[in-house]
Amino acid sequence: MKLPENWDFYFEEDEDGPMSIFVNIGLHQIAPIKKYLNLLCISIRYTSKENGFPTSDDLDRLSILEEEIIPTLWKKFKAIQVGHITSKGTRDFFIYFKEKVQIDNILSGPFRSFPSSTYHFSEDKNWDLFLMVLMPSEEQYQLMQNRRVLRNMEKHGDTLQKLREVSHWAYFEKQEDQCSFEKAVKKDNFKVLRKRFNKEDKLRYEIVFSRLDKVDYDEVNIYTTSLYKLAKDFNGYYDGWECKSFTE
């Protein structure tokens, strides 16, 4: 069975502190997977820093443990790892199985490095843990996409320091919502580059607009989050941005 893979991470925070969520977003297009009804949670206790995340030594040890356990579970049971959550001195691995199985012999060796570790099975036929806990919100997903684009630009020599024209896309089901959105972005000094109607799509009304902006991580996240919320206010969908890349 060939599974789609699109691994990425994001940060969340609750009343107990920050958490890092690492997830295979690619599985969203096929989840829940038929017959994979049983969820295994492996909880690894580590020595945490003040913020609840592992020290560099424990981070290396956690990576080694994962490399020991996950391929074995896939090879023996075709078990599907969907992600893990790291917070408050614990990393929880989440893996779906067709059946509840005996895995003490597989975990006993790796668990010696983390003696307080535990595991348990539970039924999750609808993949609620994956879809409702691990998967990012639309807004969080936009921030993840921002990070990917900016890292790729940096990889190719862009320092992200130059002001540049940044183009954006948004889509609406109704023309009046598109027009209301257009008026709102113009008040924020955006200029409209194109408006288009596509009768084949549910969100038929496209608008492309741009503005001279900074493209460092903080600035991009600020104005894309604002545009995402603005499009949503007018029953639309903000679909991202692009710009020219500059190299030194």
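This is a predicted model: local features need pLDDT of at least 70, side-chain atom pairs count only at pLDDT 80 or more; totals for chains, interfaces and linings use all residues.
Residues are numbered from 1 along each chain as its sequence is written, and side-chain values use heavy atoms, with hydrogens and water left out.

**Overall**

I looked up the extent of the C-alpha trace, which spans about 65 × 40 × 35 Å along its principal axes. Of the 248 residues, 45% count as buried (under 20% relative accessible area; exposed is over 50%, partly exposed in between; 1.4 Å probe, protein chains only).

I checked contacts (heavy atoms within 4.5 Å). Among those with a separation of 6 or more, 72% are between residues 24 or more positions apart.

I looked up charges, counting Lys and Arg as positive and Asp and Glu as negative, without His and the chain ends. Each charge is placed at NZ of Lys, CZ of Arg, CG of Asp or CD of Glu. The mean positions of the 37 positive and 41 negative charges are 5 Å apart.

**Sheet**

I found six helices and 10 strands (DSSP runs numbered from the N terminus: helices are H or I with at least four residues, strands E with at least two). Four strands make an open antiparallel sheet in the order S8-S9-S7-S10, where two strands pair if DSSP finds at least two bridges between them. Its edge strands, S8 (191-197) and S10 (236-243), each pair on one side only. Neighbouring strands are turned by 20° against each other on average, direction ignored.

Arg194 has Val208 in S9 as its bridge partner.

I looked up the helices on this sheet. Helix H6 (residues 217-233) packs on the sheet and touches S7, S9 and S10, its direction making about 150° with that of S10. Helix H4 (residues 138-155) lies across S7 (164-172) and S10, at about 10° to S10. Axes are lines fitted to C-alpha atoms, for helices over the stretch in contact, and angles run from 0 to 180 degrees between N-to-C directions.

**Asp201**

I looked up Asp201, in the loop between S8 and S9. Asp201 counts as partly exposed because its relative accessibility is 37%. Asp201 and Glu173 are 28 residues apart in sequence and 8.5 Å apart in space, C-alpha to C-alpha.
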